[in-house]
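Please look through the structure shown here. The paragraphs that follow move from the whole chain to its parts, and then to single residues.

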Amino acid sequence: MTAQQAEEAPAGWSRTHLAGIRELLSRPLTSYYLVLGCSALLLALGLMMVLSASSIEALQKTGNPFYWFIKQSMSVAIGIPLMWICSRMPQRFFRLAGYPLMGISIIGLLMVIFIGEELLGAQRWIAIGPFSIQPSEPAKLGLALWGADLLARKARAGRIEWRHLLIPLMPGTAIIAILVMLGRDLGTTIVLMLIFLALLWVVGAPVRLFGGVLALLVLATVIMIMVEPYRMERLTGFLDVWEHAQGAGFQAAQGQIAMGSGGWFGLGLGSSRQKWDWVPHAESDFIFSILGEELGLMGTLVVVALFGLLGYAGLRIASRTTDPFIRLAAAASVAWIAGQAIVNIGAVIGVFPITGIPLPLVSYGGSALLPTLAALGMLLSFAKREPGAAEALAVRGPGPFARALSWLGLGGRPRR
């Protein structure tokens, strides 16, 4: 092989593989499989990490190291069928579902103010027997669907006038955000604003409207920090973690120690040292720190890549449709799930202040998991409506679930 051929070989190899990746991404069902695959991997990883991160505290408090893992598994057992059902629902179902979801969320948030349980300065939960429900979680899905339908109904020739945001979308968003803020839940308020800003972006709102909304959000954030001493302590701890490592910065410091202890490839599943009463809320808000300790930098990069691919798939669905509702709902859902992941991971690694919101699909908590899986099921339903997707699904034939039903004689013609 000549020197010139040796230089051209890597370039040819790169071009071949890049062409293969482009061909793969151009397939009709790429979005569908990306949403399904990334969701399944994050959900499986989340179950493993909840078991590992919660086992010590669960053993100390309940005598059963599997206590929180079993509860999370029950939520997954409910959420997967919910996701499957949503993946088979028509668009009209999602357009109508936003209205009752918004109503139920508002009622639930009002109940939280009067009879809700307070924990760590925030009043978010309603206790019903052995279960706790957080109404602000379905409010995220409700706002995404309700807002998307409101704007889509006013679309003309595929275009939406941003002025239609003023009534009633902006007041409706404000009501939900104020109710959440009255429960002193700053993290969820930020996520709700991300959904609203995504709707603004898709409809092409002018920069001055973005500026006004962001200014109001900053003002509300400053007020919420000033009126709650524990938030001011968190902000102080964020600005100088190690100076306040035994006080307001304790959780952040211990989370960063966990991340640093993992090195490149981690200590191994179940081998975390920081989960032994060092990292507060290791199974929920700070599960990413335990993941980094046990799976290392490589494990955290895999999680970040999965969320990135999930966000890409959602934006691909939004960009490949001419239907305004699908475009709006898909973009709002991506802003919610990917934005919440960015805020959570940023808090763990010290880029953002701690807000107390979970890592989607990974952290412990059924109230957060079920609406997220419903939104992902909706994205799967939308992905089936991409150009060429219906034909590709028809060629593929029935999926494994349908084939299993047919083998049992329940889903059509039984297998011979």
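A residue is called buried when its relative accessible area is under 20%, exposed when that area is over 50%, and partly exposed in between, with a 1.4 Å probe and protein chains only. By that rule, buried residues make up 49% of the 416 residues in the chain. This is a predicted model, in which local features need pLDDT of at least 70 and side-chain atom pairs count only at pLDDT 80 or more, while totals for chains, interfaces and linings use all residues. Residues are numbered from 1 along each chain as its sequence is written, and side-chain values use heavy atoms, with hydrogens and water left out.

The chain has 15 helices and three strands. Both are DSSP runs numbered from the N terminus, a helix being H or I over at least four residues and a strand being E over at least two. Contact means heavy atoms within 4.5 Å. Among contacts between residues at least 6 apart in sequence, 70% join residues at least 24 apart. The chain exposes about 20200 Å², and carbon and sulfur atoms supply 69% of this area; accessible areas come from the Shrake-Rupley method with a 1.4 Å probe, and for residues only the protein chains shown count as cover.

Helix H10 covers residues 250–261. Its 12 residues reach 16 Å from the first C-alpha to the last, close to the 16 Å expected at 1.5 Å a residue; the expected span is 1.5 Å times one less than the number of residues. The buried residues of H10, including Gln 251, Gly 255 and Ala 258, pack against helix H11 (287–319). Just after H10, Gly 263 takes a positive phi of about 60°.

Next come the charged pairs. A salt bridge is a side-chain nitrogen of Lys or Arg within 4 Å of a carboxyl oxygen of Asp or Glu, and by this rule there are five salt bridges. In one of them, Lys 61 pairs with Glu 57, their closest N and O atoms being 2.6 Å apart. Both residues lie in helix H2 (residues 30–62), four residues apart, about one turn of the helix. Arg 153 forms a salt bridge with Asp 149, where the closest N and O atoms are also 2.6 Å apart. Arg 153 is partly exposed at 48% relative accessible area, whereas Asp 149 is buried at 0%. Arg 95, Asp 149 and Arg 153 are linked in a network of salt bridges.

Lys 275 forms a salt bridge with Glu 294, the closest N and O atoms being 3.7 Å apart. This pair links distant parts of the chain, with Lys 275 in the loop between H10 and H11 and Glu 294 in helix H11, 19 residues apart. Lys 275 is buried at 7% relative accessibility, and Glu 294 is buried at 0%.

What does Thr 188 contact, leaving aside its neighbours within four places in sequence? Thr 188 is in contact with Gln 134, Ser 136, Lys 140, Val 180 and Ile 357. Thr 188 lies in helix H7 (residues 186–202) and counts as buried at 2% relative accessibility. In helix H12 (residues 324–349), Arg 327 is 125 residues from Val 202 in sequence and 7.7 Å from Val 202 in space, C-alpha to C-alpha.
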